Every structure is written in C-alpha cells, then in structure tokens.
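Please look over the structure shown here with attention to its charged side chains and how they pair. A short report follows the display.

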Amino acid sequence: MDGERASEARSAELAGESPRGGAAGPGGSGSSSLLQADVLDLDEDEDDLEVFSKDASLMDMSSFSPMMPTSPLSMINQIKFEDEPDLKDLFITVDEPESHVTTIETFITYRIVTKTSRGEFDSSEFEVRRRYQDFLWLKGKLEEAYPTLIIPPLPEKFIVKGMVERFNDDFIETRRKALHKFLNRIADHPTLTFNEDFKVFLTAQAWELSSHKKQGPGLLSRMGQTVRAVASSMRGVKNRPEEFMEMNNFIEMFSQKINLIDKISQRIYKEEREYFDEMKEYGPIHILWSASEEDLVDTLKGVASCIDRCCKATEKRMTGLSEALLPVIHEYVLYSEMLMGVMKRRDQIQAELDSKVEALTNKKADAGLLTEEIGKLEDKVECANNALKADWERWKQNMQNDIKSAFTDTAEENIHYYEQRADGFPWNWSNV
Amino acid sequence: MTENTFWLKKIEISVSEAEKRTGRNAVNMQETYTAYLIETRSVEHTDGQSVLTDSLWRRYSEFELLRNYLLVYYPHVVVPPLPEKRAEFVWHKLSADNMDPDFVERRRIGLENFLLRVASHPILCRDKIFYLFLTQEGNWKETVNETGFQLKADSRLKALNATFRVKNPDKRFTELKHYSDELQSVISHLLRVRARVADRLYGVYKVHGNYGRVFSEWSAIEKEMGDGLQSAGHHMDVYASSIDDILEDEEHYADQLKEYLFYAEALRAVCRKHELMQYDLETAAQDLASKKQQCEELATGTVRTFSLKGMTTKLFGQETAEQREARIKVLEEQINEGEQQLKSKNLEGREFVKNAWADIERFKEQKNQDLKEALISYAIMQISMCKKGIQVWTNAKECFSKM
C-alpha cells in the first residue's frame with residue numbers, strides 16, 4: 001500500500017509541477033533525475049547526460065565487487081560524480097550461487113547483499129538468499145503495481161537448446177550477472193526503488209518472505225485478470241493516441257533490430273571460438289617442422305610464437321565480447337519483449353475506459369454511476385500514459401547510453417586485439 | 001641461334017596470359033582446356049632493354065611432358081615441380097574447379113615459376129628440349145617423343161623392388177628419404193590446418209558485415225543515435241570486405257609452401273634412382289661372384305653348391321673333360337664381361353652419387369632461403385592485417401562514441 005501511494009505521488013509530480021532541485025519525497029536523487037527527464041534537451045544540458053551515463057556506469061559489473069566496504073557513506077564517496085551532487089543510497093550485489101538439493105527438486109539460491117543509508121530501512125546492511133522464483137514474484141508484483149512503467153527484464157527461465165545440464169557454471173554465472181543487473185536497475189529507477197515489495201525482497205528472511213507473498217491477490221484472480229487483459233487490449237489499440245502509435249512503431253522496429261544484433265553477436269562469438277580452436281592446432285605444427293630443419297629453426301619458432309600470441313589475444317577478445325557486448329544486447333532483447341507487454345497494458349487500461357464510455361453512450365446502465373466510474377478511469381488513463389511517457393524517455397536515454405557503451409567497448413577490445421597480435425611479431429629475428 | 005649462344009644473353013621468361021580454348025582431344029572428343037602464353041625476352045647487356053624473341057602457347061599437359069622428359073634424362077637432378085594439377089587444400093570459398101579464374105591465375109604464376117627454376121638450374125637450362133619448349137610451338141611434342149625417353153624410364157615396379165631389396169644404399173640417401181617424407185608430411189598438415197584457419201577467419205569477418213546492414217536499418221528509427229549507427233555500419237562493411245584481399249595474399253603463401261611439398265617428391269625420385277642403381281650394382285656383383293664360384297667348382301671338381309647340371313650329371317653320367325673345359329671357358333668370358341660391367345657400373349654409381357649430392361646441396365640452399373623468405377613474408381602479411389584491423393575499429397569506435 002505504501003509503495004502504491006508513493007508511486008502515485010511521483011506520477012503527480014510528473015504530470016503537474018516540476019520543482020527543480022529541491023527533493024520533495026524520500027530519496028532526493030530519485031525525484032530530480034526523473035524531472036529532468038521531462039525536459040530533456042541533450043545538446044544544451046550536459047548535466048543531464050552525466051546523470052544518465054552515471055546510471056549506466058553504476059550498472060557496470062566492474063564497479064561492484066563482492067568485497068565491499070562496510071560503511072554506506074564510504075561507498076558513496078567511492079562513486080565519483082564530477083559535477084553531479086546526487087547521491088546513490090542503495091547498493092545491491094548478487095553473488096555466491098549455491099546449489100540446494102531437496103527430495104523434490106534441486107535449485108540455486110543467490111546471496112543478495114544490500115547496503116543503504118535510507119531511513120525507511122531498519123538497518124544499513126542486509127544479507128538474504130533468494131532463488132529465481134523469488135525474483136519472478138518480485139517482477140510480477142512490480143508489473144502489477146506499475147502496469148505502464150518499464151520494469152527491467154529478468155533473465156530467461158531456462159535456455160532450451162543446447163543445455164545438457166540445467167545448472168552448468170556458465171549458465172549460472174550469466175544468470176547471476178543478469179539478476180544483479182535486474183535489481184540494480186530497479187534500485188536506480190526513480191519510482192520502483194521505493195516499492196514496498198522490493199524492500200521486502202531485499203530485507204526479509206526466508207520465512208518472512210513466504211508469508212508476505214501469500215498476502216497479495218490469489219493466483220487465480222491474477223490469471224483471470226490476464227485473460228481479460230488480452231481481450232481488452234485489442235480494443236485499446238484502436239483508440240491509441242498518436243504518440244503511443246509512434247512509440248509502438250519504434251518498439252516493433254527496435255525489437256526486430258535488436259534481435260538481429262543479438263543473433264549476429266552470438267554468431268561472431270561462435271566463429272571466433274572455432275577460429276581459436278583451429279589456431280591452437282596451427283602453431284605447434286611449426287614447432288614440429290623446426291625439428292627437421294636446422295637452418296629454419298629460429299624462423300619457424302618465431303612464427304609459432306606469433307600464432308600462440310594470436311591465440312591468447314583471440315581468447316581475450318572472446319571474453320571481452322561475452323562480458324561487454326553479449327549480455328547488454330541480450331538484456332535489450334528481453335527489454336523489447338517487456339516493452340510490448342507495457343504497451344498492451346496501457347492499451348488495456350484505455351480499453352477499460354473506452355468500454356465504460358461506450359456503455360454510457362449506449363445507455364446500458366445507470367448514467368450517474370457510470371459517469372463517476374468514467375471520471376476515475378480517465379484519471380487512471382492519464383496517470384498511466386504520463387507514467388509511461390516519462391519512463392519511456394528515461395528508458396530510451398539509458399538504452400542509447402548502454403548500446404553506445406557496449407559497442408564502444410567492443411571496438412576498444414578489437415583495437416587491443418589487433419595491437420596485441422601485431423606486437424607479437426619478432427622483428428628482432430636475428431637472421432632477418 | 002643455337003642453344004649455347006642463346007643462354008649467353010640474359011633472358012626473361014614469363015607466362016603472361018591464360019586463355020580458355022576448345023579443341024578435340026586424342027579420342028576425338030570435344031574438350032575445354034586452358035592455354036598459357038609463354039614469352040621469352042632477351043635482355044641486352046648495355047641498356048637493359050628487353051626484346052621479345054619468342055612467344056608461343058602451351059597447355060598444362062605439355063608442361064607435364066617436358067618435366068617427365070627431364071626426370072628421365074637427369075635423374076641426379078632435383079627437378080623443379082609443377083603447380084598442382086587439381087586444387088587441393090581448399091577452404092570453402094576457393095573453387096576446386098580447374099576453370100575457376102582464381103585457380104587459373106595461380107596456376108599461371110606457378111608455371112612461370114617452374115620455367116624460371118628450370119632456366120636458372122645450371123644443368124637443366126642447357127637442355128635442348130627445354131630450349132625447343134620455349135621456341136618451337138608446332139611439332140615439339142613429336143620431337144620429345146622421338147627421343148624415346150618413355151622407354152628409358154625406369155618402371156615403377158622395378159623401383160619398388162629395388163627399394164625393398166637393396167642392401168647397402170648410401171646412408172645419406174636413406175637420411176634424405178626420411179627427410180623428404182617428414183617434409184611432405186609436415187607441410188601437408190600445415191596446409192590443411194591453414195585452410196581451416198582461413199575458413200574460420202573468413203567467417204568472423206563476414207558475419208560482421210551483417211552489423212552494417214542492421215545498423216543502417218536501425219539508424220532509420222533513431223534520432224540522436226542515427227548518424228553514429230549509420231557510419232559505424234559502413235565501417236563494419238569495410239571490415240567484412242577486407243578479408244578477401246587478406247586471404248588472397250595468404251593463398252600465394254600457401255602456393256610457396258606447396259612448391260616445397262612437391263619438391264619432396266622430386267627428392268624422393270633422386271633417392272629412388274640411387275637405390276635402383278645400387279641394387280643393380282649389388283645384383284651384378286652377386287651374379288659375378290656366383291659365376292666365379294661355379295668356375296672354381298668346375299675347375300677343382302668340388303661341388304659346393306647345388307646345380308641342376310650337377311644333378312643331371314650324377315643321374316645321366318659324368319660329362320667329358322672337353323665339355324667341362326668348354327663350360328669353364330664360357331664362364332670365364334662371362335666373368336670378364338661381368339667384371340667390366342661391374343667396373344663401369346661402379347663408376348656410374350659414384351658419378352651419380354657425386355652429381356646428385358652436388359645438386360642436393362644446391363637444392364638445400366635454395367630451399368632454406370625460399371622458405372625463410374616465405375615465412376617472413378607471412379609474418380609481414382599478418383602485421384598488415386592487424387594494421388588494417390586497428391584502422392577500421394578505430395574508425396568504428398569514433399562513430400560509436402559519437403552516438
């Protein structure tokens with residue numbers, strides 16, 4: 001309940017006033033950054049760029065290590081904002097995957113460490129263990145609470161093809177990183193960060209979480225809602241305002257392109273791996289040859305060592321690719337699916353309004369009651385639309401920065417790769 | 001111009017063109033083949049100007065004929081090999097088709113290389129048939145066949161037999177045979193893996209080309225990122241297409257290695273000849289020894305070895321003294337002849353070993369120099385590839401950072 005009110009208050013701020021600078025509610029960084037989003041003018045206001053690019057950098061894995069200093073204040077100092085006075089006050093890490101075996105199932109839990117200076121948290125440090133199911137629950141709650149906000153995506157449940165063992169190390173590590181990103185994106189989101197379920201997720205012990213989970217609306221009722229949602233979202237599409245049509249077009253195109261890029265990037269990784277495998281066999285042949293050629297020993301060994309260097313550089317490049325590029329692209333593939341869901345939900349809310357308006361026009365039920373309902377729904381639609389619009393701008397900005405970073409880093413990796421390879425060539429061959 | 005004075009002037013030989021032709025073959029069936037233009041120029045000492053003295057067309061089979069002739073007439077020479085008849089060690093893009101223009105081009109270069117090697121060989125360059133190959137277009141095939149070289153060629157069976165039965169071959173030749181086996185094995189392996197590496201590298205580069213297309217499409221819906229994406233995409237296209245030149249250069253390197261792969265076979269041919277000669281010598285010596293023994297036995301009357309004659313004599317009666325004398329005389333003549341033959345065979349053998357070994361030393365020098373150069377040029381190719389890569393990705397990075 002608290003979470004919902006807070007979000008409505010946030011929406012009101014977006015729709016109406018835009019008090020610059022001063023922080024109205026809890027968490028100053030939240031409000032001012034979201035407000036700036038409304039009036040985004042990239043060319044003029046460098047500060048705005050700084051905020052969002054810092055957001056992106058905070059989601060960078062390297063800035064979080066399992067060895068974190070204990071004091072939240074010291075951590076705030078660690079992250080330097082050059083001209084940006086806003087401070088992050090919630091730090092989350094996901095690590096230490098552990099396997100649990102029971103009679104019914106095997107599953108993995110992850111350790112979640114939270115450090116915060118926020119008042120509404122009972123303590124400044126929390127450590128809990130959560131499993132994938134818990135993350136799913138959290139995501140569901142957030143989608144329920146904020147149907148038209150762009151909730152960060154979760155990594156897939158499992159990858160069907162090519163998985164011999166569901167829990168191999170690479171899979172777990174990739175998932176861990178993605179879950180870490182998921183929680184941090186929520187923490188950085190001006191609205192989602194104050195959600196009550198989120199707080200419970202981060203702080204509650206296992207039994208507390210279970211009992212908290214049981215409180216929400218039952219599974220069946222939620223399923224019923226979904227069925228209605230699908231039916232009514234169709235109607236919502238017809239009356240979709242222009243700006244949301246544009247948004248939808250963008251989402252469709254973006255989804256197509258990002259999926260292609262995901263495939264291309266995965267394919268490049270695969271080709272590089274195969275290239276590496278062949279190169280590993282290539283170098284030693286020169287060494288073998290040098291055994292039967294007295295006069296060519298130095299030259300042959302030289303070529304062999306170059307090839308060896310190339311192998312090492314290729315391996316490093318592959319690692320770089322799988323850390324800098326692939327996870328980012330994949331997250332945006334999941335985001336694009338998420339966005340389509342958000343559009344549907346927006347359409348559904350609008351459809352509810354439209355059906356009541358239609359009912360009023362057709363005099364199907366009590367006009368007075370309908371008018372009152374319509375009033376409420378109009379508010380609801382306006383809130384939903386505004387929330388989406390603002391979050392959309394924020395999301396787009398983040399996306400641009402993330403994509404830009406990921407590709408710039410990839411280009412950098414490739415430059416390093418070729419530099420390393422060129423470096424390996426023995427210009428000091430004495431017989432040359 | 002006789003063949004002797006021909007070589008006094010410095011000459012340039014080039015295989016300058018290749019042309020597709022159709023004609024009728026030996027069984028009167030239509031066929032398509034490639035003909036190569038061979039141009040010979042003599043270079044004046046004084047001003048370095050070259051004058052075209054001869055130009056004619058030859059096809060691959062004629063080159064083969066020339067080489068087979070040289071193999072027979074100069075068995076102590078490591079005869080330069082021809083470029084491959086069919087494309088081997090291909091990676092996926094290269095066509096194995098003999099009519100493929102890239103293959104034809106590489107073969108043209110290989111044939112030119114062959115002629116240059118023969119022309120610069122101290123012994124082979126003086127050969128008349130080689131001279132005629134460069135100067136007499138018509139009738140050359142008949143001239144070669146008239147030499148009857150095919151008859152002189154050692155049969156494969158004979159050679160194989162000798163290999164297994166020879167008792168005391170020159171140790172150096174045995175070592176050389178091992179070396180040539182190793183050389184062939186290692187170069188084959190290297191070429192095979194190189195082809196696979198080339199294939200993979202091609203894949204990596206070409207897939208990046210897809211980025212180009214997708215970035216370009218994506219840029220259409222982006223306002224701020226659009227320009228950056230578009231120009232980065234262009235660089236991805238450049239990157240993807242740069243692999244074609246890189247791999248073509250590598251193909252020339254592979255051809256240089258292939259030449260020495262085939263040279264291994266030429267080395268083995270010289271070893272085989274030695275084995276044949278040695279075996280011949282050993283057989284002749286053995287023959288002579290047994291005849292001498294027979295003679296001795298007849299003379300002294302002791303029979304140490306079994307002979308059919310001896311048996312029949314025992315069964316059908318002793319032979320007369322005259323008969324024995326006659327036989328001894330025949331044997332003595334044969335022994336004389338045999339000794340002469342053995343002497344000349346020995347001489348021949350020693351000459352062969354001396355000459356062959358001289359050419360092998362020459363070959364070793366050439367091989368070491370050529371392979372070293374090839375390996376170094378390979379290293380340089382790699383560096384140039386890296387430089388191109390750095391260039392492209394630096395440009396791409398700039399585009400990305402401007403997005």
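This is a predicted model: local features need pLDDT of at least 70, side-chain atom pairs count only at pLDDT 80 or more; totals for chains, interfaces and linings use all residues.

## Overall make-up of chain A

Chain A contains 12 helices and three strands, and of its 432 residues, 50% count as buried.

When contacts in chain A between residues at least 6 apart in sequence are considered, 72% of them join residues at least 24 apart.

## Salt bridges in chain A

Side chains of opposite charge can pair when their charged atoms come close. Over all chains, the structure holds 60 salt bridges. One of the pairs in chain A is formed by A:Glu272 and A:Arg317, whose side chains meet at 3.0 Å, N to O. Because A:Glu272 lies in helix α10 and A:Arg317 in helix α11 (residues 297-361), this pair ties together parts of chain A that are 45 residues apart in sequence. A:Glu272 counts as buried at 1% relative accessibility, and A:Arg317 likewise counts as buried, at 4%.

A:Glu243 also forms a salt bridge, with A:Lys389, and here the closest N and O atoms are 3.6 Å apart. This pair links distant parts of the chain, since A:Glu243 is in helix α10 (residues 242-290) and A:Lys389 is in helix α12 (residues 367-423), 146 residues apart. Both partners are partly exposed: A:Glu243 has a relative accessible area of 40%, and A:Lys389 has one of 31%.

## A salt-bridge network in chain B

In chain B, a network of salt bridges links B:Glu84, B:Arg106, B:Arg194, B:Glu250, B:Glu251, B:Asp255 and B:Lys258. Within chain B, B:Arg106 forms a salt bridge with B:Asp255, the closest N and O atoms being 2.9 Å apart. The two residues connect distant parts of the chain, with B:Arg106 in helix α3 (residues 101-119) and B:Asp255 in helix α9, 149 residues apart. B:Arg106 is buried, with a relative accessible area of 12%, whereas B:Asp255 is partly exposed, with 22%.

## Other sites in chain B

B:His235 is placed in helix α9 (residues 226-300) of chain B and counts as buried because its relative accessibility is 16%, under the 20% cut-off. Leaving aside residues up to four places away in sequence, B:His235 touches B:Val392, B:Asn395, B:Ala396 and B:Cys399.

On the surface, B:Glu322, B:Glu325, B:Glu332, B:Glu333 and B:Glu337 gather in a patch of negative charge. Among them, B:Glu332 is located in helix α11 (residues 321-401) of chain B and is partly exposed, with a relative accessible area of 44%.

Note on methods. Residues are numbered from 1 along each chain as its sequence is written. Chains are lettered from A and ligands numbered from 1 in the order in which they are written. Side-chain values use heavy atoms; hydrogens and water are left out. Helices (H or I, at least four residues) and strands (E, at least two) are DSSP runs, numbered from the N terminus. Buried means under 20% relative accessible area, exposed over 50%, partly exposed in between (1.4 Å probe, protein chains only). Contact means heavy atoms within 4.5 Å. Patches are made of residues with over 30% relative accessible area and no salt bridge: like charges are joined within 9 Å, nonpolar side chains (Val, Leu, Ile, Met, Phe, Trp, Tyr) within 5 Å. Accessible areas come from the Shrake-Rupley method with a 1.4 Å probe; for residues, only the protein chains shown count as cover. A salt bridge is a side-chain nitrogen of Lys or Arg within 4 Å of a carboxyl oxygen of Asp or Glu. Lys and Arg count as positive and Asp and Glu as negative; His and the chain ends are not counted. The place of a charge is taken as NZ of Lys, CZ of Arg, CG of Asp or CD of Glu.
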